[in-house]
Structure formats: C-alpha cells, structure tokens
Amino acid sequence: MKSSARNQLNGVITQIVPAGGLCFLSILCGGETCIEAQISQSSLTRLKLAIGSTVVVMIKAPSVMLVTDLSPLELSAENCLPGVVKQVEQGVVNNVVTLALDTGAILTATVTLYSSETLALSPGQPVTAVFNANQVVIGVLV
C-alpha cells in the first residue's frame with residue numbers, strides 16, 4: 001500500500017464502540033501505542049473490521065499538533081501522545097518535526113515556522129502529539 005500520509009503505523013483493533021452511525025476504534029500499534037480513530041459504520045462494514053483485525057493507521061503530518069506543556073489544560077482531542085522531539089527539518093513556510101513517542105513509535109508533525117519558533121522546538125525537547133480521532137484514516141491490506 002502506498003500513501004502520502006507520513007505517519008503510518010501497523011496495529012490491531014482492540015475495541016469498537018458504535019455511536020450513532022459512527023464507530024470509535026481503539027488500535028494498539030507497536031505493542032504500546034494506542035491510537036483512537038473515528039470512522040463511519042459503513043466504513044467499518046465495507047472494510048470488514050472487527051476486534052483483532054490488523055490495520056494500517058494513517059495520520060497526515062499537518063493534522064498532528066504539538067504541545068510543550070499541557071498542564072493545567074485537559075483537551076478534547078482523543079489522542080494525546082507524549083514524546084520527545086527527535087529532529088526538526090527547517091522549511092520555508094513549515095518545519096517538519098519528527099517525534100519519538102514514549103512508547104517507541106515515531107510520528108511526524110508539520111508545524112508553521114511561527115509555531116516552531118514560539119515553542120522553541122529542538123531535539124530532546126519533551127512534547128505531546130495531539131490529534132483528533134476523526135483525523136485518523138484506517139487502511140486494510142486486501
């Protein structure tokens with residue numbers, strides 16, 4: 001499978017919760033990283049997903065926000081994954097930031113130059129990757 005999404009993690013569905021035409025999935029990726037996804041009931045049926053199904057979790061890098069200090073906030077985003085900045089690739093308009101999550105998984109975020117400077121992003125800095133469940137795309141191999 002080829003995709004333009006920078007973030008692609010293999011995982012296994014551990015929970016499916018139907019909610020009014022939508023479904024919330026919990027997906028265990030790489031042993032310890034849990035990603036929450038929101039898909040339609042029709043996508044669940046079309047992809048023949050069930051607990052135990054192996055899937056590819058895709059998150060486009062611009063959908064990943066970075067937070068350097070969550071306290072005292074609580075966020076509505078379903079996915080708040082702690083990690084450390086591994087690399088900052090300078091761009092003209094945006095920077096590409098590679099993160100090593102505390103669970104060992106790697107995620108990439110695209111942030112504006114302004115945000116990168118305001119947050120003073122640099123290798124070794126603790127950050128939290130934040131994204132909503134509806135920004136996650138699920139793929140299956142056929």
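Predicted model: local features only at pLDDT ≥ 70, side-chain atom pairs only at ≥ 80, totals over all residues.
Q: What makes two strands a pair here?
A: Two strands pair if DSSP finds at least two bridges between them. Strands (E, at least two residues) and helices (H or I, at least four) are DSSP runs, numbered from the N terminus.

Q: OK, what's the strand order in the open sheet?
A: The order is β3-β2-β1-β4-β10, five strands with antiparallel pairing.

Q: Which strands are at the edges?
A: β3 (33-40) and β10 (136-139); each has a single partner strand, so one side of each is left without a neighbour in the sheet.

Q: How many bridges between β1 and β2?
A: Eight bridges join β1 (residues 7-19) to β2, and the two run antiparallel. Gly-11 stands opposite Cys-29 in β2.

Q: Switching to the core. Which residues touch the most other members?
A: Leu-25, Ile-27, Val-57 and Ile-138, in the largest nonpolar core, which has 32 residues. Strand β2 (residues 22-29) gives the most to this core, with four residues. A nonpolar core is a set of buried Ala, Val, Leu, Ile, Met, Phe, Trp, Tyr and Cys residues joined through side-chain atoms within 4.5 Å. Buried means under 20% relative accessible area, exposed over 50%, partly exposed in between (1.4 Å probe, protein chains only).

Q: What does Val-57 contact?
A: Leaving aside neighbours within four places in sequence, the contacts of Val-57 (heavy atoms within 4.5 Å) include Leu-9, Ile-27, Ile-35 and Ile-138.

Q: Ser-63, buried or exposed?
A: Ser-63 counts as buried, at 19% relative accessibility. Ser-63 is in the loop between β4 and β5. Not counting residues up to four places away in sequence, Ser-63 touches Val-130, Phe-131 and Gln-135.

Q: Where is the cis peptide bond?
A: Between Ser-71 and Pro-72, with omega about 5 degrees. Pro-72 is in the loop between β5 (65-67) and β6 (79-89).

Q: Which residues have a positive phi without being glycine?
A: Among them are Lys-48, at about 55 degrees, and Ala-120, at about 50 degrees. Most residues other than glycine have a negative phi.

Q: Where do they sit?
A: Lys-48 is in the loop between α1 (41-46) and β4 (54-59), and is exposed at 70% relative accessible area. Ala-120 is in the loop between α2 (113-118) and β9 (126-131).

How values were computed:
Residues numbered from 1 in each chain as written. Heavy atoms only, no water.
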